[in-house]
Amino acid sequence: MTIFKDLYKYRELLKTNTKKEIRGKYKASALGVLWSFINPLLQVLVYAIVFPFIMRGAGTDNYVVYLITGIIPWTFFTNVVSGGTPCIKYNAGIIKKVYFPREILPISLCLSALINFGISCIIILIFCVIFGVGITPYVLLVPVVAIVQTILSLGIIFILSALNVYVQDIEHIIGFVLQMAFYGTPIIYDLKAYVGTSHATLMKLINLNPLTTIINSYRDLFLYHTMPNWTNLGIVFVLGLIVLVLGYKIFKKLEKGFAEEL
């Protein structure tokens with residue numbers, strides 16, 4: 001396929017841009033890349049206090065580890081979507097001056113987020129040890145789940161980054177959508193606590209969320225020491241491939257007008 005030939009031909013640009021995304025995010029801050037660790041830790045601290053002790057709504061054992069295994073994958077997803085949506089617009093200058101495969105921009109951003117996620121998984125492992133959950137060989141399957149998540153996320157930002165060139169309100173709307181999606185994904189609550197309640201129908205809808213399957217898969221490997229539901233994960237994988245192919249086609253179709261619109 002042309003995309004693979006282009007990526008190989010411009011592999012140095014892809015590598016350089018990925019490094020720039022990793023270093024540039026916290027370039028001006030005193031703590032630098034340590035914020036990749038601090039941000040999820042602060043989120044876990046807030047939710048660990050609010051839900052079990054104030055709202056009494058955690059309803060699950062090992063709640064801190066449960067939180068960390070949800071928040072860090074979610075942070076990976078939001079970093080890709082929120083950062084990838086305006087990535088074409090933010091690189092308008094170079095797009096107008098130099099030719100290169102424009103898809104390198106969303107791909108490099110997605111790769112940098114994936115690398116940061118891999119580093120952040122160290123936090124999960126530390127929490128698993130500290131809180132007595134332990135570490136088993138199941139964690140070796142985490143990259144499989146991460147690949148599924150990366151494919152889905154990349155497909156989404158192919159679509160959003162291209163559309164945002166023409167309708168720039170999208171990058172502002174996406175923040176609200178991500179906030180709604182956060183509560184529509186079992187990150188801070190356990191779906192099992194709502195089985196048989198009046199919220200059962202809503203919980204079934206949340207189960208249809210592909211990120212529910214992805215986050216549950218991480219928890220199976222890190223927290224519950226069991227295999228993920230391969231059927232559900234396989235469905236999300238196929239969905240991710242469909243979104244990726246469709247997203248790439250939309251991106252290439254709209255790419256022709258980038259220079260004129262920017």
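Visitor: How many helices and how many strands are there in the protein chain?

Guide: The protein chain has 13 helices and zero strands. The model is a predicted one. Written in order along the sequence, the elements read α-α-α-α-α-α-α-α-α-α-α-α-α.

Visitor: What share of the residues of the protein chain counts as buried?

Guide: The protein chain has 262 residues, and 47% of them count as buried. As for contacts with a separation of 6 or more, 79% come from residues 24 or more positions apart.

Visitor: How are two packed helices described?

Guide: The description uses the angle between their axes and the distance between the axes. Take helix 8 (residues 142-166) and helix 11 (residues 210-222): the angle is about 165°, and the axes are 10 Å apart. Helix 8 is therefore roughly antiparallel to helix 11, since angles over 145 degrees count that way.

Visitor: Is the crossing of helix 8 and helix 11 left-handed or right-handed?

Guide: Helix 8 crosses helix 11 in the left-handed sense.

Visitor: Which residues meet where helix 8 and helix 11 touch?

Guide: Helix 8 brings V142, V145, A146, Q149 and L152, and helix 11 brings P210, I214, S217, Y218, L221 and F222. By type, the residues of this contact between helix 8 and helix 11 are nine nonpolar, two polar and no charged.

Visitor: What does Y218 contact, leaving aside its neighbours within four places in sequence?

Guide: Y218 contacts T69, P73, F117, V142, V145, A146, Q149 and L223. In helix 8, V142, V145, A146 and Q149 are among the residues that meet helix 11.

Visitor: Which residues in the largest nonpolar core touch the most other members?

Guide: They are L67, I68, I88, I188, Y218 and F222, in a core of 72 residues. Helix 4 (residues 63-84) is the largest contributor to this core, giving 13 residues.

Visitor: At what angle do the axes of helix 4 and helix 9 cross?

Guide: The axes of helix 4 and helix 9 (residues 170-183) cross at roughly 165° and come within 11 Å. At that angle helix 4 is therefore roughly antiparallel to helix 9. The crossing of helix 4 past helix 9 is right-handed.

Visitor: Which residues make the contact of helix 4 with helix 9?

Guide: From helix 4 come W74, F77, T78, V81 and S82; from helix 9 come I174, L178, A181 and F182. The residues in this contact of helix 4 with helix 9 divide into seven nonpolar, two polar and no charged.

Terms used:
Residues numbered from 1 in each chain as written. Predicted model: local features only at pLDDT ≥ 70, side-chain atom pairs only at ≥ 80, totals over all residues. Heavy atoms only, no water. Axes fitted to C-alpha atoms, helices over the stretch in contact; angles between N-to-C directions. Helix = DSSP H or I, 4+ residues; strand = E, 2+ residues; numbered from the N terminus. Parallel < 35°, antiparallel > 145°, perpendicular 65-115°, else oblique. Left-handed = near helix turned anticlockwise from the far one by under 90°. Contact = heavy atoms within 4.5 Å. Nonpolar A, V, L, I, M, F, W, Y, C, P; charged D, E, K, R; others polar. Core = buried A, V, L, I, M, F, W, Y, C linked by side-chain atoms within 4.5 Å. Buried < 20%, exposed > 50% of the residue type's maximum accessible area, 1.4 Å probe, protein only.
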